[in-house]
Amino acid sequence: MGAKTTMKTTGNLLRGAVAAIALCVLTVASALAGERVLHVYTWSDYFDSEVIAAFERDNKCRVYIDYFDSNESMYAKLKAGGGGYDVITPSSYMSAVMRSQGMVMDLDHALLPNLQYMDKNFTRLTEDPTMAYSVPYTRTVTGVGYDTKRVNPADIGTWDIFASGAYAKRMTMLNDMRETIGAALKHLGYSLNTTDRGQLAQAGDVVIAWKRNLAKFDVDEAKFGLASGEFIVIHSYNGDIALVMEENPDVSFYIPAEGSSLASDDFIIASDSPSAELAHAFINHLLNPDIALMNMESIRYFMPNTEAVSRLPADLADHPAFNVPDSVMEKCEVIRDLGEDNQAYIQVWDRIKAAE
């Protein structure tokens, strides 16, 4: 397979109890052998395998990776006592939530010399523009992946595609509260950070209407289904669709005309990290321009690393699901932490999930 971990391989990695038992055994074995270990909690398909292998070689350590499929599920697991992680990659709004609750440590910039390559124009969009406790890893934009051979061209371009009965039960939307409610809010012409209860109620009604046409709410299995032809239309992250486009040339991607979400997935270090110095070394490794370029070519997510971006090959720099044009980005909003108003979104999401 080479350096690149394919979607199929990563997507089929064992999770749950078996993975937890294996992780425990490997961790204990490494500790007994005197080997340093780093525990990472992240999204699937988020690191090139050779990037991880190089870090392990250079730092004489072992990296263990667990996966989550939404910010909310990650947060819930940590709050319920599931921990032991060093580096985590939440979206910026969730980084802020975790910071406010003492779950994140401040970063030591002296251990992160590669911060010099970060695009300051991008960091201003995050919840932590001075990178006091978080460092942007990827820039993500949410949109629609679809099968060009089975979707009528007249139906693409907006969020309204999810209202189409023509693709009923062959479509999915993200199992992510802020992303999916946000899509409906943008469809209605509202901000995806609104705290207006009436607007949120309308958005909930829209998603419930869309839900009747959906096969399910999902993240990882949906992209595999689009690649295989099981699904025709999916709500997904741009980098995931860029990978699907490699697997299936009939797949394409668009960001709806009404706008969508723009996010920074960050590196943070857990406040109770047992390996904080190694965690800093890991983040600095990923910020190395050579490593960042290798990673971008592999996982197909844009990284705000000025030196690495300047060296992008033309096929990637011009890829519609990778380097989204500024004119499109202007229609997008960054998801923000809404403090106590987050509860209003939870209530709407609960209503959506309970609806038939």
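Visitor: What makes the lining of the second largest cavity nonpolar, polar or charged by class?
Guide: That lining has eight nonpolar, one polar and no charged residues. Ala, Val, Leu, Ile, Met, Phe, Trp, Tyr, Cys and Pro count as nonpolar, Asp, Glu, Lys and Arg as charged, and the others, Gly among them, as polar. The residues are M118, P136, Y137, L286, L287, A292, M303, P304 and N305. The model is predicted: local features need pLDDT of at least 70, side-chain atom pairs count only at pLDDT 80 or more, and totals for chains, interfaces and linings use all residues. Residues are numbered from 1 along each chain as its sequence is written, and side-chain values use heavy atoms, with hydrogens and water left out.

Visitor: Why is this space called a cavity?
Guide: A cavity is a set of points, on a 1 Å grid over the protein atoms alone, where a 1.4 Å probe fits but cannot get out; lining residues have an atom within 4 Å of a point. The structure holds three cavities of 30 Å³ or more. The second largest cavity has about 50 Å³, and the largest about 170 Å³.

Visitor: Which residues lie nearest the centre of the largest cavity?
Guide: W43, Y46, Y237, D265 and Y301, out of 20 lining residues.

Visitor: Why are α9 and α10 called roughly parallel?
Guide: Angles under 35 degrees count as roughly parallel. α9 and α10 pack at an angle of about 30°, with their axes 9 Å apart, and are therefore roughly parallel to each other.

Note on methods
On a 1 Å grid over the protein atoms alone, a cavity is a set of points where a 1.4 Å probe fits but cannot get out, and a pocket is an open set with protein on both sides within 12 Å along at least five of seven lines; lining residues have an atom within 4 Å of a point. Grid points are joined across faces, edges and corners, and a volume is the space filled by probe spheres set on the points. Axes are lines fitted to C-alpha atoms, for helices over the stretch in contact, and angles run from 0 to 180 degrees between N-to-C directions. Helices (H or I, at least four residues) and strands (E, at least two) are DSSP runs, numbered from the N terminus. Angles under 35 degrees count as roughly parallel, over 145 as roughly antiparallel, 65 to 115 as roughly perpendicular and the rest as oblique.
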